[in-house]
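Student: I would like to learn how to read a protein model, one feature at a time. Where should we start?

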Amino acid sequence: MITKNTQKTILVIEDEADILFSLKTYLESEGYQVVTAENGEGGINFLQKNPMPHLILLDMKMPVMNGWEFSEHYRKNFSQSLRAPVIVMTAAADAEARAREAQANGWLGKPFSLEEITAQLQKFLGTHPG
Ligand SMILES: [Mg+2]
């Protein structure tokens with residue numbers, strides 16, 4: 001049985017509605033509390049008004065404020081001790097390089113499998129809360 005207190009919160013920042021919906025559905029089915037933003041600006045706004053989530057999944061190519069710009073604001077406005085790990089999601093062939101550019105903690109190359117997401121969640125959050 002999952003209680004709210006033991007739930008871990010994941011912020012998903014992604015401009016493609018179908019990807020965002022799929023991720024939210026999957027992560028919620030795994031027992032996580034999911035909050036979403038459709039671009040980096042929405043993500044920053046969320047972080048300024050709410051407790052820090054446990055993990056951030058970040059798309060790179062987005063309108064208004066992209067993943068690189070989000071990362072810059074994030075590092076500038078939130079101290080290192082406060083910051084949640086960031087996992088970059090990118091279709092780029094060199095996903096690892098994109099993650100380095102954004103100084104992210106991990107990366108998922110699109111398209112990624114549920115197993116690949118689960119591996120990242122376990123790496124950064126420990127065993128899932130279910
Ligand atoms: Mg995108």
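Tutor: Start with helices. Helices (H or I, at least four residues) and strands (E, at least two) are DSSP runs, numbered from the N terminus. The expected span of a helix is 1.5 Å times one less than its number of residues. Note that this is a predicted model, in which local features need pLDDT of at least 70, side-chain atom pairs count only at pLDDT 80 or more, and totals for chains, interfaces and linings use all residues. Residues are numbered from 1 along each chain as its sequence is written, and side-chain values use heavy atoms, with hydrogens and water left out.

Student: What span should helix H1 have, and how far apart are its end C-alpha atoms?

Tutor: H1 covers residues 17-29, and its 13 residues should span 18 Å at 1.5 Å a residue. Its end C-alpha atoms are 18 Å apart, which agrees.

Student: Which residues of H1 are buried?

Tutor: Buried means under 20% relative accessible area, exposed over 50%, and partly exposed in between (1.4 Å probe, protein chains only). An α-helix has 3.6 residues a turn, so residues three or four places apart point the same way. In H1 the buried residues are Leu-20, Leu-23, Tyr-26 and Leu-27. Seen down the axis, they fall within an arc of 140 degrees, so they line one face of H1. The arc is taken from the directions from the helix axis to the C-beta atoms. Ala-17, Asp-18, Phe-21 and Ser-29 are exposed on the other side of H1.

Student: Which residues of H5 are buried, and which are exposed on the other side?

Tutor: Ile-117, Thr-118, Gln-120, Leu-121 and Leu-125 are the buried residues of H5. They cover an arc of only 160 degrees around the axis, which puts them on the same side of H5. Glu-115 and Lys-123 are exposed on the other side.

Student: Which residues are the protein donors of the magnesium ion?

Tutor: Donors are N, O and S atoms within 2.8 Å of the metal (3.2 Å for Na, K and Ca); water is not among the atoms, so sites may look incomplete. Here the protein donors are Asp-15 (OD), Asp-59 (OD) and Lys-61 (O), lying 2.1 Å from the ion. Their spacing in sequence is D-x43-D-x1-K. Asp-59 is buried, at 4% relative accessible area, whereas Lys-61 is exposed, at 68%.

Student: What is the volume of the largest pocket?

Tutor: On a 1 Å grid over the protein atoms alone, a pocket is an open set of points where a 1.4 Å probe fits, with protein on both sides within 12 Å along at least five of seven lines; lining residues have an atom within 4 Å of a point. Grid points are joined across faces, edges and corners, and a volume is the space filled by probe spheres set on the points. The largest pocket has a volume of about 180 Å³. Helix H3 (residues 67-77) gives the most to its lining, with 3 residues. Gln-103 is one of the lining residues.

Student: What is the phi of Gln-103?

Tutor: Most residues other than glycine have a negative phi, and most peptide bonds are trans. Phi of Gln-103 is near 50 degrees, a positive value. Gln-103 is in the loop between helix H4 (95-101) and E5, and is exposed, with a relative accessible area of 53%.

Student: Is the peptide bond from Lys-110 to Pro-111 cis or trans?

Tutor: That bond is cis, with omega near -5 degrees. Pro-111 is in the loop between E5 and H5.
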